[in-house]
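Hello,

Here is the structure we discussed handing over. My notes on the domain interface follow below it.

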Amino acid sequence: MTTATTATIKINGNDTPLTIIPNEISLETVMSAPNFNKWIKKMELEKELKVNSISVQSVDMFGKNVGFLKFKADVVTVKEGRVVPGIIFCRGGSVAILVILKSKETGKEYSVLTVQTRVPVASFQYSEIPAGMLDGSGHFVGVAAKELKEETGLEVSEDKLIDLTKLAYGTEVDGVYPSPGGCDEFIRLFLFRETLDQSKIDELQHKLTGCLDENESITLNIVPLEDLWKKSHDGKTLSALYLYEKLLKDNKL
């Protein structure tokens, strides 16, 4: 018989019971998880909600660090005491990059899709723009540049990456939220634009990329920018394209 770990943490000045159900996971491990701590800090800023208790149900480790954490929070509204849904898959933020390559010869614009297996959506070949999880440093643009090189082979300096999220919403917003009903993930959207010889663009078509240490196997698909919305039904891809078009229309790009 396993015994859950219990403790008390402070949220908005209130003593909040914390239960960790997996007996192999220590309190120190949970409390060292950056994304869990970020969630607590954000809840402390939300004065309309009160957290009565938290139960950690599972933890996935990425080496020595917490990767994913699933927990259930007993949360009520302050004024009415109304219970609100509080099952959270805590995975933290990520970045995604809309790549636009313009042909020197024709002026035609293309975008880059990465095609790879995505087991959570039961897809062997899922098309999306280059993306990756944040590393905990809070350095959005640095992670974006790293992911772009790993997934496409395109090596770019950080100053060439345009933060679409910041342009659209300022510094108050972390990113776009693809599934706020059950997950804390936010995605910071970036733009990379470059003019290349048509031959260089053609060389990227069907190029094999990815980080083997992370079991990534990626094939690139170069598509006309005007057709990007038809070639991918991925949420971050469509969000990045929409922000790009709106910001372009407003003369902010």
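Domain bounds here come from an automatic or database domain assignment. On that basis the protein splits into domain 1 (5-90) and domain 2 (94-250). This is a predicted model, in which local features need pLDDT of at least 70 and side-chain atom pairs count only at pLDDT 80 or more, while totals for chains, interfaces and linings use all residues. Residues are numbered from 1 along each chain as its sequence is written, and side-chain values use heavy atoms, with hydrogens and water left out.

The C-alpha centres of the two domains are 31 Å apart. Nine residues from domain 1 and eight residues from domain 2 make the contact (heavy atoms within 4.5 Å).

Between them the domains bury about 610 Å², with 53% of it on carbon and sulfur atoms; buried area is the accessible area (1.4 Å probe) that two parts lose on being put together, summed over both. On the domain 1 side, Lys38, Lys42 and Phe89 lose the most area to domain 2, together 50% of what that side buries.

The rule finds two salt bridges across the interface (a side-chain nitrogen of Lys or Arg within 4 Å of a carboxyl oxygen of Asp or Glu). Lys42 also forms a salt bridge with Asp174, at 3.7 Å, N to O.

As for secondary structure (DSSP runs numbered from the N terminus: helices are H or I, at least four residues, and strands E, at least two), α2 (34-45) and β6 (87-90) each supply at least two residues of the domain 1 side that touches domain 2. The largest share, four residues, comes from β6.

Regards
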